[in-house]
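Please look through the sequence and the model shown here, and then read the report that follows, which takes up one part at a time.

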Amino acid sequence: MKNISIDGLPRKILNESNDWTGIYVSRSMVLPLFRESEDGYLPGLAETTEKLGNDTWKVSLNAEMMNSANVDAGTILHSWMQLATAKTGMSSLLKVLQRVKVDGKRSLILHTSMQINDMQSYLAHPLLGIIPEKQNVNYGSNSMTAQGSSGSKITFQYYKDFNAALRSYSKGNLDSITGIGIPSQTWKKLCENGKNRIFNTNLNIAIKIPPKYSSLKNELMGLRYDALEDLTHNQLESMSYHNPPHKDGCDDELWLTYPDYPPNQEVCTWLASQMLNDYGIRIHCQKISYDDYLMGSIRSDNVLQFLIEADPWASAESMNLIFNNYCDHMNTSDDASLETASSTHLNLARVNKEGILRIGKMRGLKITRLSHVSIPHSGWIGWDDDLFY
């Protein structure tokens with residue numbers, strides 16, 4: 001049995017996942033094709049990828065893993081077909097694939113609809129692994145228990161207070177802590193402990209500007225977001241923009257909503273104070289529940305939204321994938337002309353087109369007693385990967 005803390009229990013998991021947390025939990029329940037690591041990708045069920053042409057790849061499976069898990073290339077194709085019929089935005093992952101052919105029991109031939117240079121990054125997405133058709137998930141009042149990738153029972157225990165989770169970990173009641181979204185002072189102390197590894201993620205924080213106030217993008221891009229790195233003790237990696245021409249101020253009553261977990265309140269409070277000090281624009285900050293955040297239930301012409309955006313997969317190439325606008329906020333631009341654009345240009349295009357301005361990326365801490373845990377940039381940690389060691 002493995003016990004992991006989590007700051008929110010997902011409503012839906014596996015093929016039905018509709019937010020980052022659902023995929024995070026699912027990662028420890030699926031058999032991944034490849035596994036993310038700090039320096040690249042490690043074999044999972046698959047051992048190699050070979051580029052046969054600009055839009056054609058061969059994926060070869062590991063015979064030992066296939067036999068152990070009793071799966072083959074056809075099993076993977078069947079799992080992808082199940083994902084294709086899922087009623088969430090996650091089926092958009094398969095837009096990358098134009099055609100898939102089973103090439104014997106040990107290999108697949110993939111024809112892609114867009115050029116991908118980092119195929120292993122794409123195939124490391126948890127929902128492209130083997131998803132068990134029958135997974136008995138037991139829910140408690142503040143927990144969920146399922147069978148892990150290697151067969152162990154794994155329990156995700158919900159803690160609203162991160163410090164309460166940390167105390168439980170210190171007592172030996174938890175094996176690992178989800179180390180993303182930590183109170184800043186606690187983060188500072190934990191970073192001083194050499195046992196806890198800091199890692200970068202591709203979890204972006206962004207501000208969504210309502211269409212009525214689209215001109216506020218100029219003031220928002222003019223703020224010095226590098227100050228957030230000191231404010232959060234480097235829990236955030238900031239983004240910067242060239243100072244655009246500033247517009248006139250705004251006297252309307254504006255609000256900024258944010259989901260109730262750290263360091264969102266600190267970031268939003270800082271942003272509101274800077275908008276007032278620099279431009280005389282008053283923005284009121286409003287804390288909302290995670291459920292309200294996912295459902296997008298608090299929307300109005302005068303409400304800006306604080307978003308956590310996860311790119312479709314860890315590679316920068318993933319930003320080119322067309323994602324439907326969905327409550328998981330995992331959408332990216334749908335402008336085909338941006339396929340080769342840099343991330344900075346893409347961010348500028350998105351704020352102009354969609355009113356979404358990315359201002360930084362989250363960092364995480366690896367806090368665990370478990371031996372076989374790698375560091376993923378997506379943040380989707382596999383807590384039960386013992387099978388691969």
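## Ser-318 and its polar contacts

The side chain of Ser-318 reaches the backbone oxygen of Trp-313 at 2.8 Å, and a polar atom of that side chain also lies 2.8 Å from the backbone oxygen of Ser-315. A polar contact here is a pair of N or O atoms within 3.5 Å, where, within protein, one must be able to donate a hydrogen and the other to accept it, and where residues adjacent in sequence count only if both atoms are side-chain atoms. Ser-318 is found in the loop between strand 16 and helix 11 (343-353), and with a relative accessible area of 0% it is buried. Buried means under 20% relative accessible area, exposed means over 50%, and partly exposed lies in between, using a 1.4 Å probe and protein chains only.

This is a predicted model, in which local features need pLDDT of at least 70 and side-chain atom pairs count only at pLDDT 80 or more, while totals for chains, interfaces and linings use all residues. Residues are numbered from 1 along each chain as its sequence is written, and side-chain values use heavy atoms, with hydrogens and water left out.

Helices (H or I, at least four residues) and strands (E, at least two) are DSSP runs numbered from the N terminus. In a regular strand the side chains alternate between the two faces of the sheet. In strand 16 (residues 303-310), eight of the eight residues are buried: Val-303, Gln-305, Leu-307 and Glu-309 lie on one side, and Leu-304, Phe-306, Ile-308 and Ala-310 on the other.

Two strands pair if DSSP finds at least two bridges between them. Strand 12 (residues 197-208) pairs with strand 16 in the antiparallel sense over six bridges, and Ile-205 stands opposite Ile-308. Strand 14 (residues 254-259) runs parallel to strand 16 and is joined to it by three bridges, with Leu-256 opposite Leu-304.

## The nonpolar cores

A nonpolar core is a set of buried Ala, Val, Leu, Ile, Met, Phe, Trp, Tyr and Cys residues joined through side-chain atoms within 4.5 Å. The largest one has 99 residues, of which Tyr-24, Trp-80, Tyr-122, Leu-220 and Leu-271 touch the most other members. Its largest share, seven residues, comes from helix 9 (residues 264-279). A second, separate core of 12 residues includes Ala-165, Ile-177, Leu-190 and Ile-367.

## Cysteines

With a disulfide taken as a pair of cysteine sulfur atoms within 2.5 Å, the count comes to zero. For Cys-250, the nearest cysteine sulfur, that of Cys-285, is 15 Å away.
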